[in-house]
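Good morning. Please have the sequence and the structure open while I talk. I will keep this short.

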Amino acid sequence: MTQIYHAHLYGTRDSKYDWLQAHDVLSTDWQEIKPQAPFYLLIPQNTDLLSEYDQGWKITDVMPINSTGVKTHRDHFVIDFDDENLKQRIADFRDLQISDDDIANQYSLSDTRDWKLHLRRRSLATNQNWEQYFTKCLYRPFDVRAYYHHQDVVELPRNEVMNHIINYENLALVFMRQVAIQEGYNHFIATNLAVDNRAFYSNKGTMQISSLYLYSNSTEITQDHRVNFSPEFLKDLTAKLDTTPSPEAIFYYIYAVFHSPTYRSRYAEFLKIDFPRVPLTSRVDLFQQLATHGEALVNLHLMKSPGLEQLITQFEGSDRTVDPGHPKYANGKVTINKRGAGFTGVPEAVWNFYVGGYQVCHKWLKDRKGRTLSPEDITHYQRIVVALQETIRLMQQIDAAIPGWPIQ
């Protein structure tokens, strides 16, 4: 039988050269590894809980219709903080009295292998319904921006999923596989918007989005739809619970389980390398309790929970411009510029909270470097703080509700 051994060597290049000069194969401290299906990883991995984890349903088998996020290849042109700025750019793009060279220079647009400025401008200019494609997108966690969703300016619009979200009332789950975990696995969020492909961050991995409902492919917008859960998954869930919950309740249950701190830490080894798995319970009361917590989380993350109006922070200072090198955090205050303006009353746990690989309270402000925050921006940031504080509280309640692992 083949035996496989592994050793790590950390340090600078010079230290590694020195070590290699002093050691050989026989003097190296090797660790035997036994790669297992389906990935056969050639690195040490704690597989004690693998059989337990594998009893759950892979999320891509639960919600089989999914895609990566939108890849515009020109974010600066089709995404903006301001609706009116975006509308002006698109109007200029389809105005053929302006030359291609002028549009290319003014908006830093250039041809790619699959996208030609000349052809796309003329295509959009003939579209009489061009204004209906203005919408919103989830650009980063809790960062919603104006977005123009049309294939004439967006290279990979991922309409196989996005059309089910943009044109209808829907819920969608954003998740990720192959995550390089630094601050723990936190790559989940619910949305009802189109999603940018880099809404989550990881050194590797692929962000995916699955909508709860799939609507008719008819050219007419109708409300004919089906749920995006596989029949096999629904059959297994129904057999365990002896009842079939509503699609929304199932979505909320999944969302709650994925926000269990114990779930994220217990299965961290496996969340690094594959899509997350959903463990099922046979207890109706536990399912309902977790679904209730999950619904509260979803409402927070969609920024529609009534509790978000109970602000816990204050904004101090007259200068609302975000300076380079900011924000900074100390003693409960998030400072946005050298003049000391910023938000007071921000809990440290909230400041340090990550979603999708991003430190939300830092990232949201950092991406507004050089901008002057509007009153609406300030209120939105304050609501984010509440949403994250409540998320932390609900995650603790989810863990407390689950009597033991594996979930029974």
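I will go through one threonine and then some salt bridges. One thing before that: this is a predicted model.

Let's begin with T191. You will find T191 in strand β8, which covers residues 189-191. Is T191 buried or exposed? The relative accessible area of T191 is 3%. The cut-off for buried is under 20%, so T191 counts as buried.

What does T191 touch, leaving aside residues up to four places away in sequence? The list is L138, N170, L171, A172, V174, I209 and L302. There is also a polar atom on the side chain of T191, and the backbone nitrogen of L193 lies 3.1 Å from that atom. Now look at V298. T191 and V298 are 107 residues apart in sequence, yet their C-alpha atoms are 8.0 Å apart in space.

Next, the salt bridges. How many does a search of the whole structure find? The search gives 25 salt bridges. I will take three of these pairs.

The pair to start with is K136 and D83. Their side chains form a salt bridge, with 3.0 Å from N to O. K136 is in strand β5, residues 134-140, while D83 is in helix α5, residues 83-93, so this pair ties together parts that are 53 residues apart in sequence. As for accessibility, K136 is partly exposed at 33%, and D83 is partly exposed at 34%.

Now D196 and R140. Here the side chains meet in a salt bridge at 3.2 Å, N to O. R140 belongs to strand β5, and D196 sits in the loop between β9 (194-195) and β10 (206-211), so the pair ties together parts that are 56 residues apart in sequence. Are these two residues buried or exposed? D196 is buried, with 3% relative accessibility. R140 is buried too, with a relative accessible area of 8%.

The last pair is D367 and K363. Their side chains meet in a salt bridge, again given from N to O, at 3.2 Å. Which residues are joined with this pair into one network? Through salt bridges that share partners, D143, R145, K363, D367 and R368 are joined into one network. D367 itself is partly exposed, with a relative accessible area of 24%.

To go back over it: T191 is buried in the model, K136 pairs with D83, D196 pairs with R140, and D367 pairs with K363. That is all from me.

Technical notes: Residues numbered from 1 in each chain as written. Predicted model: local features only at pLDDT ≥ 70, side-chain atom pairs only at ≥ 80, totals over all residues. Heavy atoms only, no water. Helix = DSSP H or I, 4+ residues; strand = E, 2+ residues; numbered from the N terminus. Buried < 20%, exposed > 50% of the residue type's maximum accessible area, 1.4 Å probe, protein only. Contact = heavy atoms within 4.5 Å. Polar contact = N/O pair within 3.5 Å; in protein donor to acceptor, adjacent residues only side chain to side chain. Salt bridge = Lys/Arg side-chain N within 4 Å of Asp/Glu carboxyl O.
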